[in-house]
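Here is a short walk through one protein model. Keep the structure open as you read.

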Amino acid sequence: MATTLPRNADVAEQFELLADLLELEGEDAFRVLAYRRASARIRETGGPIAQLALEGQAKQLQGIGKTIEEKIVQIVEKGEVEALTRRKERIPPGVVSFMRLPGLGPKTARRIWLELGVTTLEELREAAEKQRLRTLAGLGPKSEENVLHALAAQAKAPAEGPARTLLGVALPAVLGAVEALREHPAAVEVSEAGSVRRRRETVRDLDVIATATDGSALIEHFVSLPWVMEVAAKGGTKATVVSNQGLRFDLRVVPPECYGNLLQHFTGSKQHNMALREDAVRRGLSVSEYGVTVVESGEVLTHRNEKAMYELLGYDLIPPELRENAGELEAARDGALPKLVELRDLKGDLHSHSTWSADGKSTLEEMALAARDRGYQYLAVTDHSHYLREGRMEQQDGEIEALNERLAPFRLLKGVEVNIRANGSLDVADEVLVEREWVVASLHSAFHREPTERILAAMENSHVDCIGHPTARKIGKRPPADVDTDRIVAKALETGTAFEINSQPDRLDLPDTLARVAGEAGVPIAVTSDAHRVSALAYVELGIGQARRAWLTKKQVLNTRSWAQVRKRVGA
DNA sequence: GCCGTTTTCGGCCCGACTGTTTTCAGTCG
């Protein structure tokens, strides 16, 4: 097999570190910014950046030019950007960790290193304790105190940054808060903002923006909600609370005339807003959270909603899920934004479990009724193959048939979720698979053992309809398996196999960037719940969020079709 | 280092907050 290429995440990390080191060396801030932008771009790119660089195509991407493309090739050839290797030798590793302390930036870190000769966190603590930091111009007792505080906080918390919360936890919490605020008579407009509104797979802060006839009354209502455990801050226009789940909420009450500007600003992303503002500057407009200033006249224009603001700037309204500076601004300018798939477009679910699986919590009947209540026409029952041996599959089929008679036209599909073994074979015989209406094949073990080859082999089996959670990642626990996206996409097209966006909160797999690549290539994408109980059928709301982040339209999502149409689209 | 519907050179988002300062640099989101 060909040598494996570095992953986009690894390439991005090298440029991020290079940016840090350049910053510590006092390099031009815009050069540093260029590396950070390139890093963000690479992270947001679904296809393998290393492959693109080798083909000389990486510089087609916004923010990547000839120099950075060459540096990506260096990573392929030497494992590391040469400029990074050189600087790692010059700059003590401890100094980089100074920068990671809140309140300490590159300028200060550099001076502590060069002017005081301090190169480790331990020496930094000592220097602060012995009041040596205040010998530097611009630093005083308070700075020393802050450094000691930051060091103590870091020692207490794990090495990782502040934990990110799964969207599956944050979204219902935020939507609940929004709903509770809307019920108050003083509320006019209420919306979630920030990365939750963009439906990122994990989020940090939970933002809510509102307008009100009486702002203080709304804030009072907010801090008195039953689930509020702690009020961290409360003023006339803003409050911060901590929920009984430990989530931090920020509510901002803003003037109605610039609700659009503020909602847009606080929805982000940062990269989207920066690109939007740069573009505006070129046309003599200065954009901030308070409005759009016409630079020449000084006139400030405000907007009651986002649509008016985007239109003034020459764009169609951009759905929050697309605001990542991944091509949405150009598309919105050209009137070429996709009409994104919506939750209500789903006509069925193609991955679910019941009490026939040991880990299933709801009976077939309960699952069927709940699916029908959601407005679905069908639900594929895909219990794990190993629980359906020795005649149990036939028994389950009998139960499915009986239910289907009772619940028609709603229909349970006789499916199965088979394991792709370490050698690429499936754990169910072909003569059994041929009888199943829907076959999901998934990796459940040995994730590091040639995952690409195994998925390719599974797709070669004509009975396999869909690859389940293709990267097998568990967010925050297990990294994605090293799957070659290009090759599995090509094989999916060749064999007429679908990929899944599995909506389990800790899976969301395919991830958004890969789903975009697969969808653009023409692979049908099934947004599935993988529900093991009735309540989990609702997880598809998360999956639809990822599908929208992947730019997918109704047409590209397989289970927006009737079962008959699904059958026609996938397999025989 | 990147980029271009006025530019291949000369720009590069914007405002709040903090701590150190008599007017601002650094950091953060």
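The model is predicted.

Start with the second largest pocket. Its space comes to about 510 Å³. The lining counts 27 residues, and those closest to the pocket centre are Glu 44, Thr 45, Gly 46, Ala 326 and Arg 516.

Which helices each supply at least two residues of this lining? They are α2 (29-44), α3 (49-54) and α22 (512-521). Helix α22 gives the largest share, with five residues. Sorted by class, the lining of the second largest pocket holds eleven charged, nine polar and seven nonpolar residues.

Now turn to a pair of helices. Two packed helices are described by the angle between their axes and by the distance between those axes. Take α1, residues 8-24, and α5, residues 82-90: their axes come within 10 Å and cross at roughly 45 degrees. Angles from 65 to 115 degrees count as roughly perpendicular and those under 35 as roughly parallel, so α1 is oblique to α5. The crossing of the two is left-handed.

Which residues make the contact? From α1 come Gln 14, Leu 17, Leu 18, Leu 21 and Leu 22. From α5 come Ala 83, Leu 84, Arg 87 and Lys 88. By class, the contact of α1 with α5 has six nonpolar residues, two charged and one polar.

Technical notes
Residues numbered from 1 in each chain as written. Chains lettered and ligands numbered in written order. Predicted model: local features only at pLDDT ≥ 70, side-chain atom pairs only at ≥ 80, totals over all residues. Heavy atoms only, no water. 1 Å grid on protein atoms, 1.4 Å probe; cavity = no way out; pocket = protein on both sides within 12 Å on 5 of 7 lines; lining within 4 Å. Points joined across faces, edges and corners; volume = space filled by probe spheres on them. Helix = DSSP H or I, 4+ residues; strand = E, 2+ residues; numbered from the N terminus. Nonpolar A, V, L, I, M, F, W, Y, C, P; charged D, E, K, R; others polar. Axes fitted to C-alpha atoms, helices over the stretch in contact; angles between N-to-C directions. Parallel < 35°, antiparallel > 145°, perpendicular 65-115°, else oblique. Left-handed = near helix turned anticlockwise from the far one by under 90°. Contact = heavy atoms within 4.5 Å.
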